Amino acid sequence: MKRRESRIVQALPDAQLESVVHTAARRVGRALGWCLIIASPLAVIVGLVVLRPTAPSDAPRPEQQATAGGPQGWAEMYVRSWLSANRDDSAGLEAFYPAGMKSTRAVGTQIPVDTSTLSVVSPRPGAWSVLVAANVLVQQSDGRHRARLACAVVSLVGSAGGYVAAALPAPVACPRTLPAVDLDYPESAELNGPIGQSVHGFLVAYLAGRGELSRYIAPGTNIGAIAPPLYAEVQLLELRTHEQFEPGQAARPLDGTEVHATARAWGYDALGQVTTIDYALTLVARAGRWEVSRIDPAPLLAGVPATPPAGE
């Protein structure tokens, strides 16, 4: 090809060669120009498709759970004011519900102790339905107060910048309590046995601040004593284990052996009042003794594997 072009160039005079070159250049430029004109709209369309921002897969939808900074806190304060209102004090209810309410309750006959949000949904933009549970002390006919769990739905309108109640709270049934679960600690352990002594010593050091906690926890365990101490004394009432031991085996465990235990104890405060407490613990054997390696986040349940199967 190069030889053929060379022969053509040599056969043409300089003037004709220049004319041919200019003509070819004009044709190439014209072709490129048309290509750009044709391609430009297509490039714009392709660019819009490729660069178009994709809608996030977790875009808010109606009846979606509210995020942090939502109306939960406002709804809880509204319920507390509504429960606290009496004929002598509206409890600042107008701050949440400008329409107000005149209560006829006597002072102190209904006292909210604590509130908690159970669910938050948005049935439509700018509207919120909040389910609030409250622990309430209600005065009885004998003058004593009895604790009662109450639930109410609160309807709010607004956003993070402000909220207003659309109506007074509506009492509803609270979620039901499920049947009691069975724990997977079938073996009873002696309270004064090697495991019981370690568990009791740990609880006394951990809750009452008596004794060296490091004596009862495994090296590297990130457990610190509660300060100030919650109780003046701790009494171990019941101890059960997931693992079964032969007689005397727990007194001479092999290093690294683990045992899962659940303990029930009484905690005595400075006034001698008692609080019953439960702990799920994992202990590991080291140098012939049992040491607490962790406070389990939840006890083992019967019929549920202690550890999830591989791959899950």
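I began with A91, which is partly exposed because its relative accessible area is 24% (buried is under 20%, exposed over 50%, partly exposed in between, with a 1.4 Å probe and protein chains only). A91 has a positive phi of about 60° although it is not a glycine. I found A91 in the loop between α3 (72–84) and β1 (110–124); helices (H or I, at least four residues) and strands (E, at least two) are DSSP runs, numbered from the N terminus.

A note on the source: this is a predicted model, where local features need pLDDT of at least 70 and side-chain atom pairs count only at pLDDT 80 or more, while totals for chains, interfaces and linings use all residues. Residues are numbered from 1 along each chain as its sequence is written, and side-chain values use heavy atoms, without hydrogens and water.

I then looked up A287, another non-glycine residue with positive phi, near 55°. A287 sits in the loop between β9 (274–286) and β10 (289–295), and A287 counts as exposed because its relative accessibility is 56%.

Next I checked for disulfides (cysteine sulfur atoms within 2.5 Å) and found one. C151 and C174 form the disulfide, with their sulfur atoms 2.0 Å apart. The pair links distant parts of the chain, 23 residues apart: C151 is in strand β3 (residues 145–159) and C174 in the loop between β5 and β6. The link is right-handed, with 115° about the S-S bond. C151 is buried at 4% relative accessible area, whereas C174 is partly exposed at 25%.

Last, I noted a cis peptide bond between A227 and P228, with omega about -10°. P228 lies in the loop between α4 (194–208) and β7 (233–241).
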